[in-house]
Amino acid sequence: MDAIIEKKSFDAIIDSLSPIRDFLSEKGNSFGFDKKKIYKLCLAVDEVATNIIRHGYEENGKTGGLVDVITSFYDNKLTVILEDDAIAYNPLEHALPSEEDLKKPLEDRPIGGLGVMIAKQSVDEFKYEYNGRNRNIFVINF
Amino acid sequence: MSFKIKSEVADSVAKITLEGSLDSASAPLFQEEIQKVAGQSPKDMVLFVSELEFMASAGLRMIVFAKQKLGPNVQIFLVKPQDLIIETLQMTGFIHSVHIVDKYPA
């Protein structure tokens with residue numbers, strides 16, 4: 001069976017987060033994934049898309065950019081690729097909170113890296129590639 | 001899912017009800033409500049979240065903001081969070097810093 005591939009482009013603005021999650025929920029549902037898998041996929045993608053929009057585009061003064069969302073279903077795996085033309089940035093190189101950090105009282109906790117940590121832990125695979133565009137790749141298995 | 005929020009302070013308890021999706025787009029609205037209730041120096045902050053269907057790290061950041069704004073002695077209660085939100089609180093260790101309850105007052 002061939003992979004079922006779809007692509008949708010979203011404006012690189014914070015108000016696109018909700019439509020991106022809706023798009024992924026619809027895809028996840030159509031392939032029969034359960035609510036929990038779909039939620040966690042949406043969460044992972046939301047965290048990374050937020051960083052792309054806020055840090056990749058907005059903070060670098062790039063307006064009018066796009067985040068392309070490509071979904072591919074093959075061999076009981078749903079792969080989601082976020083592609084963008086913001087500055088090259090590998091989220092996996094971002095420092096994550098340490099075990100110690102996670103135990104600190106809230107008011108003393110460093111807040112950076114929380115989103116990437118959530119993203120990594122919420123999907124079965126999370127990868128980053130650069131081919132002239134940033135490609136953040138998320139995989140969930142049945 | 002759109003986001004809805006309302007707040008009140010009564011008897012030194014800040015009560016905030018959140019519905020829908022709490023992401024980076026809606027987090028500023030939560031921040032506004034926290035600032036609003038902080039003006040009345042509550043001793044507890046209670047978040048009614050049974051209808052909150054999605055929460056990203058932007059929501060966690062607002063919980064940290066609330067703790068910083070209201071002071072470390074203010075206790076934060078989450079009333080009836082959905083399972084997948086509890087999972088995020090566990091994954092990030094936030095579960096140890098808030099009280100998960102079925103109703104408030106107990």
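Before reading any strands, I noted the rule that two strands pair if DSSP finds at least two bridges between them. Helices (H or I, at least four residues) and strands (E, at least two) are DSSP runs, numbered from the N terminus.

I also noted that this is a predicted model, in which local features need pLDDT of at least 70, side-chain atom pairs count only at pLDDT 80 or more, and totals for chains, interfaces and linings use all residues. Residues are numbered from 1 along each chain as its sequence is written, while chains are lettered from A and ligands numbered from 1 in the order in which they are written.

**Entry: strands of chain B.** I began with β1 (residues 4-10) of chain B, which pairs with β2(B) in the antiparallel sense over 7 bridges. Here B:Glu8 stands opposite B:Lys15 of β2(B). The hairpin of these two strands has 2 residues between them, and B:Asp11 takes a positive phi near 50° there. I then followed β2(B) to β3 (residues 44-48) of chain B, where 5 bridges join the two in parallel, and B:Lys15 has B:Val46 as its bridge partner. Another 3 bridges join β2(B), again in parallel, to β4 (residues 52-55) of chain B; there B:Ser21 stands opposite B:Phe54.

**Entry: the sheet of chain A.** Which order do the strands of the open sheet take? I read β1-β2-β3-β5-β4 for these 5 strands of chain A, with antiparallel pairing. β1 (4-11) and β4 (125-130) of chain A stand at the edges with a single partner strand each, so one side of each has no neighbour in the sheet. Neighbouring strands are turned by 15° against each other on average, direction ignored (axes are lines fitted to C-alpha atoms, for helices over the stretch in contact, and angles run from 0 to 180 degrees between N-to-C directions).

I checked burial next: a residue is buried if 20 or more other C-beta atoms lie within 10 Å of its own, exposed if 12 or fewer, and partly exposed in between, with C-beta atoms placed from the backbone. Of the 6 residues of β4(A), the number buried is 0, so this strand lies largely in the open.

**Entry: helix α1(A).** The buried residues of α1(A) include A:Leu17, A:Ile20 and A:Leu24. Just after this helix, A:Gly32 takes a positive phi of about 85°.

**Entry: the core.** I looked for nonpolar cores, meaning sets of buried Ala, Val, Leu, Ile, Met, Phe, Trp, Tyr and Cys residues joined through C-beta atoms within 7 Å. The largest has 62 residues, and those with the most contacts inside it include A:Leu41, A:Ala49, B:Leu22 and B:Leu47. Helix α2 (residues 35-57) of chain A gives the largest share, 12 residues. Contact means that the C-beta atoms of two residues, placed from the backbone, lie within 7 Å. Leaving aside neighbours within four places in sequence, I found A:Ala49 in contact with A:Leu17, A:Ile20, A:Val67 and A:Leu82.

**Entry: where the chains meet.** The contact takes 22 residues from chain A and 20 residues from chain B. On the chain B side, the largest share, 8 residues, comes from α2(B).
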